[in-house]
Amino acid sequence: MEPARYNDEVSGATGQYFPERYTMIDMYPVNDYGPLMPGLVMAAVAIVHVFLAQFAVGGGILLCYFQWLAMTGRSESSRIFVHGYFKVLVLISFVLGALTGVGIWFTSIQVSAPTIGEMVFNFHWIWATEWTFFCLEVVAGYCFYRYHNQLSDRTCLTLLVLYAFAAWMSLFWINGILSWQLTPGDWLTTHAVADGFFNPGFWPSLFFRTIVCMTLAALIGCVVVNVIPALSREQRQELINKAAHLLMPMLAMPVLGAWFLYTMPSDSRSWVLGGSPAMMLFFMISVGASLAIGGYAFLGLWLQKLYVNGATASLLLLLLAFGATAGGEFVREGSRKPYTVRHVLYSNGIRPEEVAELRIHGCVTNDPYPVIHETSLPNEMVTVGAKVFRRQCAVCHTMEGSNAVAHLTASWDADQMRMNIAKLQQTKPFMPPFAGTAAELESLVQYILWVHDSRPNDWRDSSESATIDQITKWLDEAGTEPADVSSRKTPVATATRIDSSESEGSAE
Amino acid sequence: MDRMFPFGFDSHLAFYLVVYVLTLVVHVFLMAYVLAGSLWLSWATLFPGADATPRAKQPLARILRDWMPFALSGAITAGVAPLLFVQILYRQQFYTANLLLGWRWMVVIPVLVMAFYLLYVVKSNAVGRMSLPVRLGLSVSIAACFLFVAFCWTANHLLSLDATVWPEAYGSGVAVKSGFALPLRLLTWIIGTFPVMSILASWQLRGMRSRTAASDPTVSESHWTALFNFEHRRLGTVSVAGLALASVCAAGYGATLPPSVRALLIGNTGLPWILVVIAGVLFQIAGWLFQFRRPCICNRWLSAISLAATITLIGVASLREIIRLTLVNLDQVTVATKAAAGVGGFELFVVFTILNVGLIVWCICLVQSRNRQA
């Protein structure tokens, strides 16, 4: 059964529509970020946002604790701290946290519109539910911020509890969507929103993130304590030790981390535990930074052997906590390879069930967008190659900047390149299969070779039938399945899988 | 599309359109407060007036400075919901316009961050010690930031409507359309924010008047009455002028639309909403004119004007969607919403919306009772 295709007569834009899965596959323009690969842009925004958002969540819990200490007479200086800390929370979290949250949406669109589209499509009511908690968070937070001096202790605590509850619930909801990307679990067969949301990675991820939130809040608390002028040295010592109570759950991090690793698909786990040097490095940075914070907290704050001044807290916070967050987020993003949504969408925005279709019809056949500076390209074949690169590679690679394809393929000759790209998922198991025709693959190879050769004005058109036949043979040998097909539980969608099989059959 | 919007559409599409329009209107209320408020503050700083108290220190400017950071926070938060549903309704159009504008679109975020922090600077006590050029610079910078964001949204929206120009826009890098449509549409929205801001600020002035009069016995009641009535009249004047000018700009924008779109707007789909908008505008103007003849602002009339403004905004948002649905591929949007309706979670949204609205009301009640607690 051939998937229905439509041509948008109104707009002239093209796309494919698979009615069986009710999904729209859109052709989007791809932006060039120069030497930066889009993934790096995404990572930068995401790490900043996650850091700030987790601070907001943990900050709510910390404030509730200190408000309770103040109103029960356990620590009078806590009252001063609560008021000072909340100002920081509002100025940093309400402003930067909220706007980087919107920014992450915009950045996701820039980097991979199909991925964010898939997430929004499947979980838009979960996101809408999260939005209602954003509203509660803002209202409760501002009520406290504006009127805490005029309210009773009990009312202040009520507002802070509501704020903390709303902030934590926003983590609860987004955690389900993010963990679904790596471990969609039973959702792959049922497509039930509950199965997707409460996926295998949900609980370890939620508990782990909650502890990270509390850790960040406690460390920022140490900074704030040191910059409130009204506090004496003794009061600061007391408040820092109280804040350190929120660091104690870090003891559970190794167990939760192991639980999370256990829920990861085996191939993803193998990248983190040595299969991919870059991912292993970031994993170790995250673990090392967390251990350093935990060790310092235990010695200095719990055993009270050390006094934490502003510089120490800042250093710990900004370097270690940021490093741990950045490392953790990198691992979380990277371990999904070759997917952005496991078994649903590859990193380049192509669906697994589309590959067989694109092997026949081509991945840039309907691409309406020209290549920028097209006139500087020597011939049509290289131009097509540039389009193929844009469609299939550009989300994770640049041609000559970061993670550059020209660099990665520098030691390959033309035939090696043809074979390695045709069997990409076998050459590099964290790469998706090539999703285009043999002619498109040859165009990509010629584009890369042309760049290797310093972009000369003249370039030979090399579409000999023997070359194309050889590439076709390699593509057929590699098949259209990803490398992890053996670990796959169930086909994504029966209807489209049948389509793919039929397409493969017809190709043969 | 032969029945009044949204009834002439597939039921799933109509449902998402209603949710989108309603959440957009909530966002527009807060956005209008921030945009018009920042322009008002710039004007008040630039032209202090001949009164003993300069405009920038009069009650309206004080209220705006005090509440704009919260209003911006609220506008951004409220904006998340329509931003979510626009991705369900017009995924390809919205994403493509985002991508074509590229960094020119992404820069909206740092610009808003800058505006946010400048609002806090303007709100702080330190602003009283600043020289006039610095205060003017601050106010104008804030207004410029919001105008830039408004421009980006308008450019994005117009680009998303015209898929025929996408490949050329991508190739040439010229993604902002020239012509009259962009300035007229932008002016409609900018000028249209003043009536909304006037209503919200009027409600705030009422609350401020009662609290200030009670807390400052050295100032006579008659003085406060005169001052606040003057501010109310000024807001009324701004509102009436804003409604009239925005209507002219909207008519001008309508003239730039293709004949097929205009035909739909004056047909069964759009005409009822055009009439609703006209009625809403006329009622607001009449309401403000009636207020001018009274010695003080009347709660009942202000409520009626607020209701009329809400209905007007719903009408404007509906007309905006009718125009968009005429220009995009309706089949594609219908299929997308039908598919989205099959995804679960709506019940969850309803339950938590009720819960959180209740909790928000509780928060406000807790704050309202602060005088008793004090």
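Which residues of α13(A) are buried? I shall answer that question in a moment, after a few words on the model.

The structure before you is a predicted model. Chain A contains 19 helices and five strands. Of its 508 residues, 55% are buried. If we take the contacts in chain A between residues at least 6 apart in sequence, 76% of them join residues at least 24 apart.

Let us now turn to helix α13 of chain A, which covers residues 380-392. This helix has 13 residues, and from its first C-alpha to its last it reaches 18 Å, close to the 18 Å expected at 1.5 Å a residue. The buried residues, to answer the opening question, are A:Met381, A:Val382, A:Val384, A:Gly385, A:Ala386, A:Lys387, A:Val388, A:Phe389, A:Arg390, A:Arg391 and A:Gln392. Because eleven of the 13 residues of α13(A) are buried, the helix is largely enclosed by the rest of the structure. Its partner in packing is α17 of chain A, residues 438-452, against which the buried residues of α13(A) pack.

I come finally to the contact between the two chains. Chain A gives 60 residues to this contact, and chain B gives 58 residues. On the side of chain A that touches chain B, at least two residues each come from β3 (23-26), α2 (77-147) and α3 (153-182). The largest share of that side is supplied by α2(A), with 35 residues. What kinds of residues make up the side of chain A that touches chain B? They divide into 44 nonpolar, 14 polar and two charged.

Thank you for your attention.

Definitions and conventions:
Residues are numbered from 1 along each chain as its sequence is written. Chains are lettered from A and ligands numbered from 1 in the order in which they are written. This is a predicted model: local features need pLDDT of at least 70, side-chain atom pairs count only at pLDDT 80 or more; totals for chains, interfaces and linings use all residues. Two residues are in contact if their C-beta atoms, placed from the backbone, lie within 7 Å. Helices (H or I, at least four residues) and strands (E, at least two) are DSSP runs, numbered from the N terminus. Ala, Val, Leu, Ile, Met, Phe, Trp, Tyr, Cys and Pro count as nonpolar, Asp, Glu, Lys and Arg as charged, and the others, Gly among them, as polar. A residue is buried if 20 or more other C-beta atoms lie within 10 Å of its own, exposed if 12 or fewer, and partly exposed in between; C-beta atoms are placed from the backbone. The expected span of a helix is 1.5 Å times one less than its number of residues.
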